[in-house]
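Me: I would like to go through a few of the labels used for this structure and understand where they come from.

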Amino acid sequence: MGRSSKDKRDIYYRKAKEEGWRARSAFKLMQIDEEFNVLSGVQKVVDLCAAPGSWSQVLSKRLRGEGKQKRDDVKIVAVDLQAMAPIPGVIQIQGDITKVSTAQEIIGHFSGEQADLVVCDGAPDVTGLHDIDEYIQAQLLLAALNITTHVLKKGGGFVAKIFRGKDITLLYSQLKIFFPDVTVAKPRSSRNSSIESFVVCRGYAPPEGYVPNMMNPLLDHHYDVDFNSLAGVNRVIVPFLACGDLSGYDADMTYPLQLPQGEAYVQLPPTQGPISPPYQHACQLKRQDQLSKPITAHNTDPTDNTETVTDTDRDSSAPSSDVLGATGGHTEEHATVTDMEKLKL
Ligand SMILES: C[S@@+](CC[C@H](N)C(=O)[O-])C[C@H]1O[C@@H](n2cnc3c(N)ncnc32)[C@H](O)[C@@H]1O
């Protein structure tokens, strides 16, 4: 797919570059906030699974402000397995959200205080096997919820990405243990063709006597329960709400490029490419024609003839990624292609 056809095909991808967001995901958080005011009154916030950082950019802009108006009492802590380029006013932790040490590091930055809001746009690398992807996504959500119980103040909010699969009712019930108010939101910028949605949880109120604990599983994972067989109060229907301006851009539509007459289209580069992404090594191997080949005497040195992966290379090969310039997993799509196919290697 050509670079300008990607810009045509995905309006939010194009707009993100025009407006300086690192990923099209920025629009999702902004549209969730438009509907639920989740950022209102927030001073301390944790952005879990934050790389490359478009949500952190939104948080920084909205909460901290810019220039002379900027507030110094706002604290934003962003966490990801991957390194992120700096963002003004955002403390970055490179860590795993399933680790208690990460929770402790986050709390350390709040000088013993707790967060008003935790957001999590976490996504594992998709395999293309839907059941497995849904399960892993649910596990990541529970890890995010678990870490949230360590850092969130009572009454605080939690916004997290989910895949709306058949076990959604179970997840919803699990979240309801901690939040009296749970809604599932589908921002306009999230493609209808994707099963991605976001839970918006408000009024954090853990059960009486609940002690956050990273050692034991937070919740009992009975994924084999048939929730459709439940009735009455035992059956909970998840409230589902579309958000964002419904007359605005449709994430599944193709929009023509807006060109002043006679002018050629100028394709913008990604705002910020990923730093040392996991697929970089695979790209290098492919360039050296060493991918999937048995190691032999003549190709044992992987550093030989190494080329750097440029943003341009990555950009032109991942039409469905939210992250501008990325080809790895982490897409909002429930991808049916493998990372290797996406790389067009
Ligand atoms: C869709 S991206 C997040 C995009 C981000 N919200 C933004 O706006 O730029 C998903 C991220 O989840 C991260 N992730 C997945 N598992 C994680 C884990 N266990 N701990 C920390 N980060 C994780 C990935 O590294 C990836 O950067």
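Me: In this predicted model, leaving aside neighbours within four places in sequence, which residues is Asp 96 in contact with?
Reply: Asp 96 is in contact with Leu 81 and Thr 102, once its neighbours within four places in sequence are set aside. Its place is in the loop between strand 3 (90–94) and helix 5 (100–109).

Me: Why does Asp 96 count as partly exposed?
Reply: Asp 96 has 13 C-beta neighbours inside 10 Å, and because a residue is exposed at 12 or fewer and buried at 20 or more, Asp 96 falls in between and is called partly exposed.

Me: What makes Gly 53 buried or exposed?
Reply: For Gly 53, 28 other C-beta atoms lie within 10 Å, and since the cut-off for a buried residue is 20 or more, Gly 53 is therefore buried. Not counting residues up to four places away in sequence, Gly 53 touches several residues, including Arg 22, Met 84 and Gln 272.

Me: Which UniProt annotation covers Gly 53 and Asp 96?
Reply: According to the unreviewed UniProt entry, the annotation "binding site" covers Gly 53 and Asp 96, along with Trp 55, Asp 80 and Asp 121.

Methods:
Residues are numbered from 1 along each chain as its sequence is written. This is a predicted model: local features need pLDDT of at least 70, side-chain atom pairs count only at pLDDT 80 or more; totals for chains, interfaces and linings use all residues. UniProt positions are given in the numbering used here, feature names are shortened, and annotations may be inferred rather than shown by experiment. Two residues are in contact if their C-beta atoms, placed from the backbone, lie within 7 Å. Helices (H or I, at least four residues) and strands (E, at least two) are DSSP runs, numbered from the N terminus.
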